[in-house]
Amino acid sequence: MPVPAPNLYPPFNIVRLSHVEYAVTDLAASRAFYVDTLGLQVTHEDDSRIYLRAMEERGHHCIVLVKADTASVGVLGFKLYDEPDLDKAAEFFTSKGLPAEWVDRPHMGRTLRTRDPWGIPLEFYVKMDRLEPIHQKYRLYNGVKPLRIDHFNMFSADVDASVAFYNEMGFRVTEFTEDDDSGKIWAAWMHRKGGVHDVAFTNGLGPRLHHTAFWVPNPLNIIDLLDLMSTTGYVGNIERGPGRHGISNAFFLYVRDPDGHRIEIYCSDYQTVDPDLEPIKWSLTDPQRQTLWGAPAPRSWFEEGSVFTGATPKPSALNAQPIIAP
């Protein structure tokens, strides 16, 4: 199926991805991972929740850790351009027969809660509490020195349909992998903020969250994190990398938190601001799309993901197989 043409005049204006809510089973263990090891900053915490932000972010939070009996993903959040966009978004989802509910969220203004057609919980807002800048408070930089949240990657049972729906909301495809035999899209990378992606979709049992990514200053920060994790009891949480993706050209590392939620540490992708930028096409049989240096990804990277609260994953009908490490 051809990649859809960019939708330059969507029904409402999404600025960027914003935040993710993770349900975690041990709040103290998650705090040790995200704060003491990765280096995110606590903006508020109590007995049931921890709010975190990265070093360049002025908004109150990019991750919310919520104490729960079972691990899951509560919501993916996106910032809209202006207040009228919230009402336009509500009209858009209602017109699709999808839920549209106004909810009260701590540290946020008027917030719209909804789901995409496959059950991924989404929320949209315009205003979040603003905090003082800390990007030049270098004494606070720890761990991998995370600067900002960068993207979400989701498993989809129908990537073509996911791309079509998110394209309707104004996300533009930058790169994609196509199955040579069927012509269907295996995976696609889509952006709003002018990087390679704010969201991506990968073929598989879905919907599930594959990973959340954080941008870091340079590859040396990733090497430092590997040294830290391998000597502080987290060597088993290192899943894949370091390496350089063919798709996006980014230098990467994938790690797992104590509940198995996957986090990508990410830097060095490229600018995609031009609205007429042509998507880059990759063959599913090209191993360099996964890692430019040719090393295949582990099986867990293709098969394991975090479930969304209230969504039931379904298998994909696309049976094409990627190259997997033995």
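## Buried or exposed

A residue is buried when its relative accessible area is under 20%, exposed when it is over 50%, and partly exposed in between (1.4 Å probe, protein chains only). By that rule Ser 248 is buried, with a relative accessible area of 2%. His 107 is partly exposed, at 23%.

This is a predicted model, where local features need pLDDT of at least 70, side-chain atom pairs count only at pLDDT 80 or more, and totals for chains, interfaces and linings use all residues. Residues are numbered from 1 along each chain as its sequence is written, and side-chain values use heavy atoms, without hydrogens and water.

## The whole chain

The protein chain has five helices and 18 strands. Both come from DSSP runs, numbered from the N terminus: helices are H or I with at least four residues, strands are E with at least two. The radius of gyration is 19 Å, close to the 20 Å that the globule rule gives for 326 residues, so the chain is as compact as a globular protein of that length. That radius is taken over C-alpha atoms, and the rule is 2.2 Å times the number of residues to the power 0.38.

Buried residues make up 55% of the 326 residues. Take the contacts (heavy atoms within 4.5 Å) with a separation of 6 or more: residues 24 or more positions apart account for 70% of them.

Two peptide bonds are listed here as cis. One joins Gly 206 and Pro 207, with omega about 15 degrees. Pro 207 sits in the loop between strand S12 (199-203) and strand S13 (208-215). The other runs from Gly 241 to Pro 242, with omega near 10 degrees. Pro 242 lies in strand S14 (residues 238-244).

His 107 is not a glycine, yet its phi is positive, about 70 degrees. Its place is the loop between strand S6 (100-103) and strand S7 (111-115). Ser 248 also has a positive phi, near 85 degrees. Ser 248 is in the loop between S14 and strand S15 (251-256).

## The largest pocket

A pocket is an open set of points on a 1 Å grid over the protein atoms alone, where a 1.4 Å probe fits, with protein on both sides within 12 Å along at least five of seven lines; lining residues have an atom within 4 Å of a point. The largest pocket has a volume of about 340 Å³. Of its 20 lining residues, the closest to the centre are Arg 16, Leu 17, Glu 57, Arg 148 and Ile 149. Volume means the space filled by probe spheres set on the points, which are joined across faces, edges and corners.

Strand S1 (14-24) and strand S9 (148-156) each supply at least two residues of the lining.
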